[in-house]
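Work through the exercises below with the structure at hand. Try each task before you read its solution.

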Amino acid sequence: QSTSIELGAGASSEDSYRFGQYSGITSRGGFMLGGFNLQNSPDPDSAAYWQVTGQEIGLETGRVAAGFGERGSYSVQLNFDQIPRYRFNDGSTPFNGGGGVNQTLPAGWEGGTSTSGFAVLQDSLKQVNIDTRRQRYTGGFKWRIDQAWELMSEFRHETKQGNETLGAIFGSTGGNPRGSVVVRPIDYQTDEATVGLSYSSRSGQYNLSYSAMLFSNEDQALRFENPFNNEEWAAGAGFDAGGVGQISLEPDNRSHQLAFSGVQSLGGTTRLSGNLVIMRLEQDDNFLPYSNVLADEYPLPRTDLNGRVDSLTGSLNFSTRVSRQTTLRLRYNYRERDNRTPQNNYQRIAGDAEPQQPLLSEGTRVNRLYDLQQHRYSADLTYRLAGRNRLSGGLEWETTDRSMVDVAKTDETSGYLKWDFAPSATSNGWLKLSRAERDASRYDTTQPFISGHNPDYVATLMGNELFENDPLLRRYHLSDRDRDELSGSLNFFPSDLVGLSLLAKLSNNDYPDARVGISESENGNFAADLSLTPQASWKASLYYNFDRFDNTNRGYTRLGFPFNTPFYPAALRNPDLNWKVETRDRVHSLGGGVDWELLQGRLQLSLDASYTDAQTETSPASGNGFLPIPGATTDDPLPDVRTEISSISLHGRYQLQPGRQLAVRYYFEDYNSADWAIDGIDVDSLANVLLPGTRSFNYSGHLLFVSLIFDLANF
Amino acid sequence: DSQPLLPGSVYAQSASSAPQQDSDYAPQGAQTCLTCHNNPVVTSILQTGHGNSNISGSPFANRACESCHGASPDHVSALQEPAVVFVGSGRFPASDVQVQNQMCLNCHQSRETVHWSASEHQAADLACVSCHTIHASQSSVTNELRDQNLCLTCHLEQRSQLNRRSHHPVNEGLMSCNDCHNPHGSPAVGMLSRNTVNETCTSCHAEKRGPFLWEHQPVSEDCTVCHNPHGSTQDRMLAVRQPFLCQSCHSETFHPSFLYSGDDIAAGNPGQSMVGSSCTNCHSLIHGSNHPSGARLTR
């Protein structure tokens, strides 16, 4: 590393938010950039150091890092970095407000009962650019007080600003909602500070730290006018002219955390390590009113949530080498989430500016408190055979208690066997077989309903009315599951010049009780890597990956009167209303790279290329014999969702003369995609929801950087 | 006595079977070694903190080369195998991984490595030098992590996922694997740098941690119930496309229970639960709502 300054310029050929999604170079044209690396001269007689670096200065990804200290004694570090994120710039909206918290309709807006009735929509549309940028200041210091004690501190100040889309609705889902995807502001700030003390002895190392993390959102609510206002609505339908809706945005929150970790040698190769972390998360932003109108008639049970979640996590690990061949590892993990937020009855009023329904007990919801308590015990044993062969195996038992969900307790038992082998000095590999069985105590689909509704109302219902969801639904993260996995790897190194690695994995998840929900999913991966180093001056690599993911989701179409088919009892279910959707992802990735060193090291070249083809097939199928009911049970095929990304990256660095280098970077990306969720879907394609009307990205872009690097020490 | 974790003359005891005396060490220190090992690959260590004798606790402030390689009198006198070999060759195979790693941990036992002994990498017999190049004038890991080649050399499945259209900006060099993972070990699954999946995710996405009045249960339990953080073929790094992802857990009367198919994207009749942002066209506060009437995550 040397003290250097880089000055350069670049150009992009493409106007595309996707092409520059993480670089910020989203438009055609030129730009300047620079960098620097300043540091003290190497001094073998001193442990002191300092260094300041800057990269991609002039771009939205520009970052600076500075540090100084005395090695072995103390260090101070300060960093600044940024992450831009450009999502799309081909959307449009009739709303004024430019991504602010007040989204208003243009003067002269003519509403309608559906988007087709928006007479001045096309003339009112404005382009929508959706992007955010994170800016992060981090830093910290470490001070070795003496041989045993070390004090450290870290801080982070991070902002995220920009805008995002957000669905803003009137009306009730399950009824006749009307909505608009509007542009909301993003103005977040996160501050985090940690201070810690470490103690090290000849036989142990222990750490105690305190962290605080404060999140604040500049915007607590978004107000939006109702484009569906129209006098054609029947009286009381809920879409009065001039209606203004309000949606809550993310509240501020704060957490405090106290953490202890440590490792103790118990002699020989035996170690005991663990940690204990206590954390409290709080939130008390003022609530919005139930409704923009008639707020006084609908008093809130409290002005803010006074939300509080306490969590406790911990671990205890024991590892030892029982013999020269045998290693034993025992681990215990504990996780507890205790939601101590007060519970109250809240009215579920579907939307602002509507004729408000009376305060009915069936319209009352109770906030659910999701608690979780999890214990995980595991044991692993490794036995080393002759050579580099070894056998290992492990067992794990995880038991989880949850509150207010369908399953109060799940137990998962898993185990694996792994064989590492090395048949020769130039080859090795491994084979691993694992199985996991998760048992749900009792799947009680009435629990979410009972815990989320007013108890007075629940008491009036029959047992077969206590369902939010189909009682045969089995949520895949809670239900019984059998998981089998087989994986293996082979590596060949016939010489120092060539290496070949192969990796394969097949994983199957079976949800035996899921007549509704995910019944089966399967993952498969294959990877092949070839590396070549024919000469010291150049090396090459080639890789191929294939991933597949199959998912089967089952459902049951539940319609109201007159097609009412009861959820329960199961015997009365109409098999014609069963359906199945199979999703298949297939992803091929091919890539390679070459590194050259030419002209006695004066020229360094690096070329990388990659190609990814991702395809998602979706196959719906229904069991209906006498239906279909349009929009409910028809099973017309869906086109594939496809993304093809090809890229070429070339880096070159040429030593012009001592102390001066020419650097060239070239990047090409060809992006082709198709997505039925947005392609051909215009702003007003949906009758009830106003969309941004974006399209899939398709482009070919070139990016070129040229810079001069001056080595100040040899300039 | 307990096995020491800190530097001192005990280095060699941890590495070789026989205790070593002061007289076992080369009398001329590094000069003895450099007599033969005088090539740039080796001597580049002199440009690093390890090779700086002015740094308290550094190997060269102690027994120089033998601080890490152990006292090796037979190697000096008769070219026998050194006490500790980190990168093996045809002549001298690498020492037992645990012996190698203990040499590093003698000095580098810290807050970041406290869980190493119980880590997946340790269980896989990964040597410190599998990732760290000690005889290098630059911090190899720091540099290599930026372009991810290091981790993805072994984690090929994640390499493929990072190439998918929806991913964290790791390939772009704006994030690194150790923004989320601690390769030196962690009590959390996947060697995450924070205590749980959610604590890791919400360290950057703090707006999603609530606590909200109306929580979405999987959000409060584990972000990976719905998201694949290494990359996905679906938008927002979702594991499965909407509405089918949502229908995995929601089958209420009417629209959550319907079968969505090609009929719902047909021109003139697209379904509002299917196109655009699908379910989140309306249930837009999917990570939780703090509106008193936001039970359905629409307000």
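The exercises that follow use a predicted model.

**Exercise 1. The interface**

Solution: 
- Step 1. On the side of chain B, the most area is lost to chain A by B:Arg111, B:Arg209 and B:Leu259. Together they account for 7% of what that side buries.

**Exercise 2. Polar links across the interface**

Task: Count the salt bridges and the residue pairs in polar contact between chain B and chain A.

Solution: 
- Step 1. The rule finds 15 salt bridges across this interface.
- Step 2. Take one of them: the side chains of B:Arg159 and A:Asp529 meet at 2.8 Å, N to O. The cut-off is 4 Å, so the pair counts as a salt bridge.
- Step 3. Polar contact joins 64 residue pairs across the interface, both residues at pLDDT 80 or more.

**Exercise 3. Salt bridges inside chain A**

Task: Decide which parts of chain A are tied together by A:Arg368 and A:Glu468.

Solution: 
- Step 1. The closest N and O atoms of A:Arg368 and A:Glu468 are 2.6 Å apart, in a salt bridge.
- Step 2. A:Arg368 sits in the loop between strand E18 and strand E19, and A:Glu468 in the loop between helix H3 and strand E23, so the pair ties together parts that are 100 residues apart in sequence.
- Step 3. A:Arg368 has a relative accessible area of 18%. Buried means under 20%, so A:Arg368 is buried.
- Step 4. Compare another pair: A:Arg548 and A:Glu522 form a salt bridge at 3.0 Å, N to O. A:Arg548 is in strand E26 and A:Glu522 in strand E25, so this pair ties together parts 26 residues apart in sequence.
- Step 5. A:Arg548 is partly exposed, at 22% relative accessibility.

**Exercise 4. One glycine**

Task: Is A:Gly593 buried or exposed, and what does it touch?

Solution: 
- Step 1. Locate A:Gly593 in strand E27 of chain A.
- Step 2. Its relative accessibility is 8%, so A:Gly593 counts as buried.
- Step 3. Leave out residues up to four places away in sequence: A:Gly593 then touches A:Lys539, A:Ala540, A:Ser541, A:Leu607 and A:Asp608.

Definitions and conventions: Residues are numbered from 1 along each chain as its sequence is written. Chains are lettered from A and ligands numbered from 1 in the order in which they are written. This is a predicted model: local features need pLDDT of at least 70, side-chain atom pairs count only at pLDDT 80 or more; totals for chains, interfaces and linings use all residues. Side-chain values use heavy atoms; hydrogens and water are left out. Buried area is the accessible area (1.4 Å probe) that two parts lose on being put together, summed over both. A polar contact is a pair of N or O atoms within 3.5 Å; within protein, one must be able to donate a hydrogen and the other to accept it, and residues adjacent in sequence count only if both atoms are side-chain atoms. Helices (H or I, at least four residues) and strands (E, at least two) are DSSP runs, numbered from the N terminus. Buried means under 20% relative accessible area, exposed over 50%, partly exposed in between (1.4 Å probe, protein chains only). Contact means heavy atoms within 4.5 Å.
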